[in-house]
Amino acid sequence: MERMAWKGRIRPGMKAEYIRRHNEIWPEMVEVLKSAGIVNYTIFASGDELFGYYECEKGIVFAEQTQAKSPVVDRWNEYMKDVLELEMDPETGAQPKLEPVFRLD
């Protein structure tokens, strides 16, 4: 199983709204993530800084491609752009991967 981590930033004053929207995540968005093989997805916040982590049962490339092809993900990204600042990788259409430097199994 491959692991993926990303970072982002909540726009100033929008943390409560960011959390609300994730508490009400669309069922069709959850379905896309599951069909991409994404499991154990957690997003952490430190102030307005975000750190996301998930595991990819079908590999990171498959997860990226599935999300990149999804109109649901496009709609979600549009819905979230007023509360979220993300740097996107132009090649994959996903957040740039963080480099793993330590792992304890």
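E78 is partly exposed, at 49% relative accessibility. Buried means under 20% relative accessible area, exposed means over 50%, and partly exposed lies in between (1.4 Å probe, protein chains only). The E78 side chain meets that of K81 in a salt bridge. K81 is also partly exposed, at 47% relative accessibility.

This is a predicted model, in which local features need pLDDT of at least 70 and side-chain atom pairs count only at pLDDT 80 or more, while totals for chains, interfaces and linings use all residues. Residues are numbered from 1 along each chain as its sequence is written, and side-chain values use heavy atoms, with hydrogens and water left out.

**Salt bridges**

A salt bridge here is a side-chain nitrogen of Lys or Arg within 4 Å of a carboxyl oxygen of Asp or Glu. By this rule there are ten salt bridges. Among them are these:

| Pair | Distance, N to O |
|---|---|
| R21 and E17 | 2.7 Å |
| R103 and D105 | 2.9 Å |
| K81 and E78 | 3.0 Å |

R21 and E17 both sit in helix 1 (residues 15–23). They are four residues apart, about one turn of the helix. Helices (H or I, at least four residues) and strands (E, at least two) are DSSP runs, numbered from the N terminus. R21 is buried, with a relative accessible area of 8%. E17 is partly exposed, at 22%. D105 is exposed, at 75%. Salt bridges also link E17, R20, R21, E24 and D82 in a network.

**Strands**

Two strands pair if DSSP finds at least two bridges between them. Strand 1 and strand 3 run antiparallel, joined by eight bridges. W6 stands opposite G52 of strand 3. Strand 2 (residues 38–46) also pairs with strand 3 in the antiparallel sense, over seven bridges. A45 has L50 in strand 3 as its bridge partner. The hairpin of strand 2 and strand 3 has two residues between the strands. In this hairpin, G47 takes a positive phi near 65 degrees.

**The core**

A nonpolar core is a set of buried Ala, Val, Leu, Ile, Met, Phe, Trp, Tyr and Cys residues joined through side-chain atoms within 4.5 Å. The largest one has 21 residues, of which Y18 and M29 touch the most other members. Two or more residues each come from strand 1 (2–10), helix 2 (27–35), strand 3 (49–56), helix 3 (60–68) and helix 4 (71–80). Helix 4 gives the most, with four residues.

Which residues does M29 contact, leaving aside its neighbours within four places in sequence? They are V72, V73 and W76. Contact means heavy atoms within 4.5 Å.
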